[in-house]
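Welcome! Please take a moment with the sequence and the model below, and then we can look at a few helices together.

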Amino acid sequence: MTALLIAGLAAGAGLGVVLMVAGLSGRDLLPETGDVLRVPTGRGLTRLAVVVVVALAVVTFTGWVVGGILAGVAGWTLPSMLGGRTARQDAIAKTEAIATWTEMIRDSIVAASGLEEAITATASVAPAPISIEVAGLVRRLDHQRLPDALVAFGADLEHPSGDLVVAALVIASRLEASDLSNLLSRLADAARGEARMRIRVDIGRTRVRTAAKVIVGVVIAAVAFLAIGNRGYLDVYDEPAGQLVLGLVGGVFFLGGWLLTRMAAIEMPERFTARVVSPGGAGS
C-alpha cells in the first residue's frame, strides 16, 4: 500500500510539473474537444479493432492487464508517432498548390473582367491538392458574396499560406486594390519558400525519426524475445507491484517517444482568417 501511495504521489508531482511547464510555455497538451469526441470511421474503426485485438491477445498470453493497456496504447499511437511521411508530403504538396493557384489568379486577372471571374476561370485547372476546395469556392459564388465565399474557402483550406492569400483577395474585393498582381506574386513566392523550408526541415529531422524507430523496434523485439524464449525472467511482473513498475516503465517510454515526435515535428505559425464585416459594421 505504501508503494502504491508513493507511486501515486510521484505520478501526481510529475503531472504537475508537466502542466506547469506547458502553462509557462503556452503549449496545448490536449487536442480540441471536437477532435477528442470525434467518432472514428473507416480506417479509424479498422485501426481501433486491430488495437483491441492486440491488447486482448497480450492480456491472454501474458496475464498482464497493464501490458494489454500498454500494447493497446502503443498500437494506437505508434503509427502516427513513427510514421506520418504521407501527411508531411501532402502538406508540402498543398503549400505548393496554394502558390500555383495564387499565380493562376494573378495571371487570370489580366484577361478577366474582375476578381470573381478570374477565380472562376481557375476552377477547371486548379492544382489537385486543392481542387476540391477551389471547386467549392466557385460553387459558393453562385449564391454568396465574394468576401463571404473567400472566408469559407480559407476555412476549407485550413492552411496559414492560404489565409494570407484569402486575406489579400478579400481586401482586394472590397477596396479594389490596384497592385494586386504584385501582391499575389509575393504571396506565391512566400508559399514556395515555406514549401522549401518544410522539405529542408523534414530532411534534417530524418535522423531523429530514425532513432525513434530503432529504439521502439529494439524494445518491442526484446520484450517479445523474453516473453517467448524466457518467460520465467518476466514472472516478477505478475505481481501487483510488478504491474505498477511495468506501467511506470511503459509511461517513461511513451513520454520519451512523444518527446522525440515533438522534436521531429514542424510547428506552424498560428493561423488567422480574413474578418468579414457585416453591413452594420460588426465583425463576424
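In this predicted model, helix H9 meets helix H10 through Ser161, Leu164, Val165, Ala168, Leu169 and Ala172. On the H10 side, the partners are Leu180, Leu183, Leu184, Leu187, Ala191 and Glu194. Sorted by class, the contact of H9 with H10 has 10 nonpolar residues, 1 polar and 1 charged.

Two packed helices can be described by the angle between their axes and the distance between those axes.

| Helix pair | Residues | Angle between axes | Distance between axes |
|---|---|---|---|
| H9 and H10 | 160-175 and 180-204 | about 175° | 10 Å |
| H8 and H9 | 146-157 and 160-175 | roughly 180° | within 9 Å |

With its axis at about 175° to that of H10, H9 is therefore roughly antiparallel to H10, as the angle is over 145 degrees. The axes of H8 and H9 cross at roughly 180°, so H8 is roughly antiparallel to H9.

Now to the contact with H8. Leu146, Pro147, Leu150, Val151, Phe153, Gly154 and Leu157 in H8 touch Gly162, Asp163, Val166, Leu169, Val170, Ser173 and Arg174 in H9. This contact of H8 with H9 counts 9 nonpolar, 3 polar and 2 charged residues.

Elsewhere, which residues make a nonpolar surface patch of about 440 Å²? They are Leu45, Leu48, Val52, Leu56 and Trp76. Helix H3 (residues 43-62) gives the largest share of the patch, with 4 residues, while Trp76 lies in helix H4 (residues 65-82).

Notes:
Residues numbered from 1 in each chain as written. Predicted model: local features only at pLDDT ≥ 70, side-chain atom pairs only at ≥ 80, totals over all residues. Heavy atoms only, no water. Axes fitted to C-alpha atoms, helices over the stretch in contact; angles between N-to-C directions. Helix = DSSP H or I, 4+ residues; strand = E, 2+ residues; numbered from the N terminus. Parallel < 35°, antiparallel > 145°, perpendicular 65-115°, else oblique. Contact = heavy atoms within 4.5 Å. Nonpolar A, V, L, I, M, F, W, Y, C, P; charged D, E, K, R; others polar. Patch = residues over 30% accessible without salt bridge, like charges linked within 9 Å, V, L, I, M, F, W, Y side chains within 5 Å. Areas by Shrake-Rupley, 256 points an atom, 1.4 Å probe, with all protein chains shown as cover. Salt bridge = Lys/Arg side-chain N within 4 Å of Asp/Glu carboxyl O.
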